[in-house]
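Try each task before reading its solution.

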Amino acid sequence: MTDVFLIRIDSPIGRLELVADESAITALSIERDGVLPHDDQPERPNPLLQAARAQLDEYFSGERTEFDLPVRFGGTPFQRAVWQQLARLGWGEAISYGALAAAVGRPGAARAIGGAVGSNPVPIIVGCHRVLASDGRITGYSGGQGVPTKVWLLAHERIGFAA
C-alpha cells in the first residue's frame, strides 16, 4: 500500500484539505459547515503537498493563474474524460455543460456531465467551478458551501455569470 499524505490550508473560501500519495494529488476537499473529511487525522505533509499549498496560496492571492501539480483521477472512464477536459480550461475560461458533453464525445449527455463535474476529486486545481448552464447561470456546486463558494471562485477569476 502506498503512503497517504494529508495537509490542510486556510483559504478565502474556508479550509482546504489535500490528500496525496508519493507522486500525485488524489483529493482536494473544501470545508463544509466547519468540517473536512479527515479532520480526525493528523496532517502528514510531503513535498508535493507543500508545493500545492504554495500554489494555492498564490492562486488565492491572484498571483497564479494555472497549477503545475500532478493529479491522479480515480473514477470511471467517462468521469476521467470529463475531468481531463476540465483540466484544459484556463483561468477565466468557462464552458457550458452541453459544450463539455460535446467535447468528450457525448453530445446530449449534459445531465451525466453534471454528475461527473460534481464528483471532481480535485476542485480548484481542476476547475469544475468554470462550468455553467448554457444561459450562463450557476446551477449548483458540490464543494464548500455550494453556490456561494462557486460565486467566489468565478468572481476571483473574473468569469461572468447570469443571476
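**Exercise 1: the annotated residue**

The UniProt annotation "active site", from an unreviewed entry, covers C128. UniProt positions follow the numbering used here, feature names are shortened, and annotations may be inferred rather than shown by experiment. This is a predicted model: local features need pLDDT of at least 70, side-chain atom pairs count only at pLDDT 80 or more, and totals for chains, interfaces and linings use all residues. Residues are numbered from 1 along each chain as its sequence is written, and side-chain values use heavy atoms, with hydrogens and water left out.

Solution. 
- Step 1. Helices (H or I, at least four residues) and strands (E, at least two) are DSSP runs, numbered from the N terminus.
- Step 2. Buried means under 20% relative accessible area, exposed over 50%, partly exposed in between (1.4 Å probe, protein chains only).
- Step 3. Contact means heavy atoms within 4.5 Å.

**Exercise 2: strand 2 and its partners**

Task: find how many residues of strand 2 are buried, then describe its pairing with strand 1 and with strand 3.

Solution. 
- Step 1. Strand 2 spans residues 16–20, and five of its five residues are buried. L16, L18 and A20 cover one side, E17 and V19 the other.
- Step 2. Strand 1 (residues 5–9) pairs antiparallel with strand 2 over five bridges. Pairing requires at least two DSSP bridges between two strands. V19 in strand 2 has L6 opposite.
- Step 3. The hairpin of strand 1 and strand 2 has six residues between the strands, and G14 in the turn has a positive phi of about 110 degrees.
- Step 4. Strand 3 (residues 25–30) runs antiparallel to strand 2, joined by five bridges. L18 has L28 as its bridge partner in strand 3. Four residues lie between strand 2 and strand 3 in their hairpin.

**Exercise 3: a histidine in a helix**

Task: which residues is H156 in contact with, leaving aside neighbours within four places in sequence?

Solution. 
- Step 1. H156 belongs to helix 5 (residues 147–156).
- Step 2. H156 is buried because its relative accessible area is 14%.
- Step 3. The contacts of H156 are Y59, F60, G62 and W91.
- Step 4. For Y59, the backbone oxygen lies 2.6 Å from a polar atom of the H156 side chain.

Technical notes:
A polar contact is a pair of N or O atoms within 3.5 Å; within protein, one must be able to donate a hydrogen and the other to accept it, and residues adjacent in sequence count only if both atoms are side-chain atoms.
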